[in-house]
Amino acid sequence: MDSVREITPTLLREIGARAVLTDLDNTIALHDAPRPTEEGAAWLRSLKDAGIPVFVVSNNHYERVAKFCEPLGVGFIPKSGKPFGRGIPRALRELGLRRNEVVLVGDQLFTDVLAASWHRVPCILTQPIELETKPFLRFKRVLEHLIDPKRRY
């Protein structure tokens, strides 16, 4: 999918998702931005209005994730350890849902998609909001592009 706005409440219901686990940076917000993009905010509102809980599962530190999520009333797991860490199982416990009742939304193959696969959670991959500037992230995007030439890098 190009962006989170394509992930509608109707689509989520059709695939049996009762909640969304989402990445933060470059999925619903620019890196280190204190608020979601306009598109991300509209998407979060549409899910809230439809009664679909959203839980941010991020590898970023507590202060960054808490500052972003708390004003929005969104649950969160910082330092989640994606792809192999305990963040996704913890989010499932806190939501009281099973793996097949959520969908993980993210922009990276090597963290989000791999985490979903590792934890056997359905996943929807979006394009990153912006091109990366940090060398390590740029390198990962080049590798992603080799795997999937349609990926932005």
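Author: A pocket here is an open set of points on a 1 Å grid over the protein atoms alone, where a 1.4 Å probe fits and protein lies on both sides within 12 Å along at least five of seven lines, and lining residues have an atom within 4 Å of a point. The model is predicted, with local features needing pLDDT of at least 70 and side-chain atom pairs pLDDT 80 or more, while totals for chains, interfaces and linings use all residues. Residues are numbered from 1 along each chain as its sequence is written, and side-chain values use heavy atoms, with hydrogens and water left out.

The residues that line the second largest pocket are A41, L44, R45, K48, I52, P53, V54, L72, G73 and V74. Helix α2 makes the largest contribution to this lining, four residues, where helices (H or I, at least four residues) and strands (E, at least two) are DSSP runs numbered from the N terminus. By class, seven of the lining residues are nonpolar, one is polar and two are charged, with Pro counted as nonpolar and Gly as polar.

The largest pocket has a volume of about 280 Å³. It is lined by 15 residues, of which D25, H31, N59, Q108 and L137 lie closest to its centre. Helices α5 (109-118) and α6 (135-147) are the elements that give two or more residues to this lining, and α6 has the largest share, with three. Its classes are two nonpolar, six polar and seven charged residues.

The packing of the model can be taken next. Leaving aside residues up to four places away in sequence, W43 touches V4, R5, I7, V20, T22, I28 and V105, a contact being heavy atoms within 4.5 Å.

Y62 and F76 form a tilted pair, 5.8 Å from centre to centre with 55 degrees between the planes. Because Y62 lies in helix α3 and F76 in strand β3 (residues 75-77), this pair ties together parts that are 14 residues apart in sequence. Y62 is partly exposed at 47% relative accessibility, whereas F76 is buried at 16%, buried meaning under 20%, exposed over 50% and partly exposed in between, with a 1.4 Å probe and protein chains only.

The rings of F84 and W118 have centres 4.7 Å apart and planes at 75 degrees, so this pair is edge-to-face. F84, in the loop between β3 and α4 (87-95), and W118, in helix α5, are 34 residues apart, and the pair thus links distant parts of the chain. F84 is partly exposed at 46%, and W118 is exposed at 53%.

Elsewhere in helix α5, the buried residues are L109, T111, D112, A115 and A116; among the elements that cover them are α4, β4, β5 (123-125) and α6. Just after α5, R120 takes a positive phi of about 55 degrees.

Key
Grid points are joined across faces, edges and corners, and a volume is the space filled by probe spheres set on the points. Rings of Phe, Tyr and Trp (its six-membered ring) pair if their centres lie within 6.5 Å; planes under 30 degrees apart count as stacked, over 60 as edge-to-face and the rest as tilted.
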